[in-house]
Amino acid sequence: EKSDLQFLYDEWAHPYFISIQEFERLMAGTGRMGDIVAEDWTPQTIDSWRHSIWVGVVDPWIVVGKPHLWWKTIREIVTLERMHQAFATGLMEYGLITGRKAP
């Protein structure tokens, strides 16, 4: 799991990931938010990773005439698939967190 996360950090320069529950705890700890609700939206968003790959397959003309973009495109495809796998295996979750400003 560490190597999978490191790959994703390195490829897309993400900040380090934290759990949905930890993010919710941090929001609550500020004292500035109330009615905090944290949800795992992975089921609603997981298809978007492979959809992004297929968008390029269906309409490849953006990179076909630009060989200097081919390597970058292949790397993006690999990274998108690895993101999909991270979500599919539960290594990552897509969190949606809502709240209200405290009075």
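## Largest pocket

In this predicted model, β2 supplies the largest share of the lining of the largest pocket, 3 residues; helices (H or I, at least four residues) and strands (E, at least two) are DSSP runs, numbered from the N terminus. A pocket here is an open set of points on a 1 Å grid over the protein atoms alone where a 1.4 Å probe fits, with protein on both sides within 12 Å along at least five of seven lines, and lining residues have an atom within 4 Å of a point.

The largest pocket holds about 500 Å³ of space, a volume being the space filled by probe spheres set on the points, which are joined across faces, edges and corners. Of the 19 residues that line the largest pocket, Phe-17, Ile-18, Met-92, Glu-93 and Gly-95 are the closest to its centre. Two or more lining residues each come from α2 (20-29), α6 (70-88) and β2 (95-101). By class, this lining has 15 nonpolar, 3 polar and 1 charged residues, where Ala, Val, Leu, Ile, Met, Phe, Trp, Tyr, Cys and Pro count as nonpolar, Asp, Glu, Lys and Arg as charged, and the others, Gly among them, as polar.

## Second largest pocket

The second largest pocket has a volume of about 340 Å³, and of the 16 residues that line it, Gly-56, Val-63, Thr-73, Glu-76 and Ile-77 are the closest to its centre. The elements α4 (47-58), α5 (61-64) and α6 each give two or more residues to this lining, which divides into 10 nonpolar, 3 polar and 3 charged residues.

## Packing of α1 on α6

The axes of α1 (residues 2-12) and α6 come within 11 Å and cross at roughly 140°, the axes being lines fitted to C-alpha atoms over the stretch in contact, with angles running from 0 to 180 degrees between N-to-C directions. That angle makes α1 oblique to α6, since angles under 35 degrees count as roughly parallel, over 145 as roughly antiparallel, 65 to 115 as roughly perpendicular and the rest as oblique.

Contact (heavy atoms within 4.5 Å) involves Ser-3, Asp-4, Phe-7, Leu-8, Glu-11 and Trp-12 of α1, and residues of α6 including Arg-75, Glu-76 and Met-83. The residues of this contact divide into 7 nonpolar, 2 polar and 5 charged.

## Packing of α4 on α6

Helices α4 and α6 pack at an angle of about 160°, with their axes 8 Å apart, and α4 is therefore roughly antiparallel to α6. Trp-49, Arg-50, Ser-52 and Ile-53 of α4 make the contact with residues of α6, among them Ile-77, Leu-80 and His-84.

## Basis of the values

Residues are numbered from 1 along each chain as its sequence is written, and side-chain values use heavy atoms, with hydrogens and water left out. Local features need pLDDT of at least 70 and side-chain atom pairs count only at pLDDT 80 or more, whereas totals for chains, interfaces and linings use all residues.
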